[in-house]
Amino acid sequence: MHQSTRITGLTGGGSDGWDVFLKARRMIADGIAVTELTIGEHDIRTAAPILQKMHAAAMSGHTGYAAVPGTDTLRDTVAARVQARTGVPTTRNNVVITPGGQAALFAAHMAACDPGDTALYIDPYYATYPGTLRGVGAIPQAIKTHAAEAFQPRAEELRAHSRNASSLLINTPNNPTGVVYSDATLAMIAETCRSDDLWLISDEVYDTQVWEGRHLSPRALPGMAERTLVVGSMSKSHAMTGSRCGWIVGPEAVIANLITLATHTTYGVPGFIQDASDFALKQGAAFEAEIAAPFQRRRALAKQVIARQNTVGLVPAQGAMYLMLDIRATGMTGEAFAYDLLETHHIAVMPGESFGTSAAGHIRVAMTIEDRAFEQALSKLCTHAEKRAA
Ligand SMILES: Cc1ncc(COP(=O)(O)O)c(C=O)c1O
């Protein structure tokens, strides 16, 4: 049977850069102890009070179809949180609840792009981005960035493609680089979106994980509320990856259409998950800081380990749960280094090449294992790089 090119062409063919990760998983299945510094998943579980709330909500009957846009309560809570953090007036009519940030990314691009439209995204990028853009029938166009500039996009490179595009997808704090976009970068991005009439899709799923500088939501910049769709999620901020609860914040008219889209695709998010998410959000900033704290601690440990040697470089680690390490002094590609490290020391990291071409010669390290083991793995990684460079 013929399958649509939309589905068969989703990943764009070829290796999607996950081979090292898959090899690590095979080694683990074969009984080999592998230190996994690959995927962005906390080493803690969802907090017990959130699970208790989920259970109580389900037991009290919130197990039928839930309101497709999201419950009024959760939409109000998300709106209030966004307004408090950005100063932009936001009501429940600016919010649609989605099954996680990933579904929000897809839906936001459905809203912004017609089939055949060009959709821009910044390289290095979160691995699903190009496939998500292809999935809505758009033509993905990567905007290169440079390690020497801490992967902040350049105006001239963005403007070389923005005139003919419909949307621009950005992510700050950034996965995979750990960089937080500066106010100047965001002002340049906003100016480009306004002058070239682009939708800005702002993936802010790491907005509670900022170690240096500040997170500025571009929806708060002049003239941007009417052309920005903010993607948010409970996954990273509240250690609720498996609950699949996220949202889009945007102009009322587009949210109304996104609710119609949800009616025809997801039909909403389970009510007991929404009740638990609402409870989790109401724990406030102190709880979010507690969830983020292990990454901040491990980042400090990593800075100490990296300061002791000169082979491995650290891209400014300003936010999110990852470090981007420059291993070009070894003369190896990120992919070759990642394979070598896995085979020699059974430590799994992601090659920079998994996230596009701009992070070639780098590796991404997820700070998602316990502090001591993390520090030891990073020390081994650095010693390994020194040996290869020698
Ligand atoms: C940058 C970025 N955006 C979106 C997501 C999707 O998150 P979720 O669907 O769990 O909300 C992730 C997950 O790792 C991510 O790193």
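1. Basis of the note. The model is predicted, and local features are reported at pLDDT of at least 70, side-chain atom pairs at pLDDT 80 or more, while totals for chains, interfaces and linings use all residues. Residues are numbered from 1 along each chain as its sequence is written, and side-chain values use heavy atoms, with hydrogens and water left out.

2. The seven-stranded sheet. An open sheet of mixed pairing is formed by seven strands in the order β2-β8-β7-β6-β5-β3-β4. Strands here are DSSP runs of E with at least two residues, helices are runs of H or I with at least four, and both are numbered from the N terminus; two strands pair if DSSP finds at least two bridges between them. The edges are held by β2 (95–98) and β4 (139–143), each with a single partner strand, so one side of each has no neighbour in the sheet. On average, neighbouring strands of this sheet are turned by 20° against each other, direction ignored.

3. Strands β5 and β6 pair in the parallel sense over five bridges, and L168 stands opposite L200 in β6. Strand β6 (residues 199–203) also pairs with β7 (residues 228–233), again in the parallel sense, over four bridges; here D203 has V231 in β7 as its bridge partner. Four of the five residues of β6 are buried, so that the strand is described as mostly covered. Buried means under 20% relative accessible area, exposed over 50%, and partly exposed in between (1.4 Å probe, protein chains only).

4. Antiparallel pairs and strand β8. Strand β7 pairs with β8 in the antiparallel sense over four bridges, with S233 opposite G246 in β8. Strands β2 and β8 are likewise antiparallel, over four bridges, and V95 has V249 in β8 as its bridge partner. In a regular strand the side chains alternate between the two faces of the sheet. In β8, G246 and I248 point one way and W247 and V249 the other way, and all are buried.

5. Helix α7 (residues 155–162) lies across β3 (118–122), β4 and β5 (165–171), and runs at about 160° to β4. Helix α10 (residues 252–264) lies across β2, β6, β7 and β8 (246–249), at about 30° to β2. These angles run from 0 to 180 degrees between N-to-C directions, with axes as lines fitted to C-alpha atoms, for helices over the stretch in contact; contact means heavy atoms within 4.5 Å.

6. An enclosed helix. How many of the 11 residues of helix α11 (residues 271–281) are buried? Eight are, so the helix is largely enclosed by the rest of the structure. Among the buried residues are I273, A276, A280 and L281. The buried residues of α11 pack against α3 (48–59), α4 (72–86), β2, α9 (234–237), β8 and α12 (284–307).

7. The four-stranded sheet. A second open sheet, with antiparallel pairing, has the order β9-β10-β13-β12. Its edge strands, β9 (313–314) and β12 (350–351), each pair on one side only. Helix α14 (residues 371–389) packs on the sheet and touches β10 (322–326) and β13, its direction making about 165° with that of β13. Two bridges join β12 to β13 (residues 362–366), which run antiparallel, and M350 stands opposite R364 in β13.

8. Residue M367. This residue is found in the loop between β13 and α14. M367 counts as buried because its relative accessibility is 0%. Not counting residues up to four places away in sequence, M367 touches W211, F295, R298, R299, A320, M321, Y322, L323 and F374. The C-alpha atoms of M367 and P294 are 8.3 Å apart, although these residues are 73 apart in sequence.

9. Residue P130. Helix α6 (residues 129–135) contains P130, which counts as buried at 7% relative accessibility. Beyond its neighbours within four places in sequence, P130 is in contact with Y121, Y125 and P140.

10. The cavity. The structure holds one cavity of 30 Å³ or more. On a 1 Å grid over the protein atoms alone, a cavity is a set of points where a 1.4 Å probe fits but cannot get out, and lining residues have an atom within 4 Å of a point. The largest cavity has a volume of about 30 Å³, the volume being the space filled by probe spheres set on the points, which are joined across faces, edges and corners. Its lining residues include I122, F151, N174 and Y181.

Technical notes:
1 Å grid on protein atoms, 1.4 Å probe; cavity = no way out; pocket = protein on both sides within 12 Å on 5 of 7 lines; lining within 4 Å.
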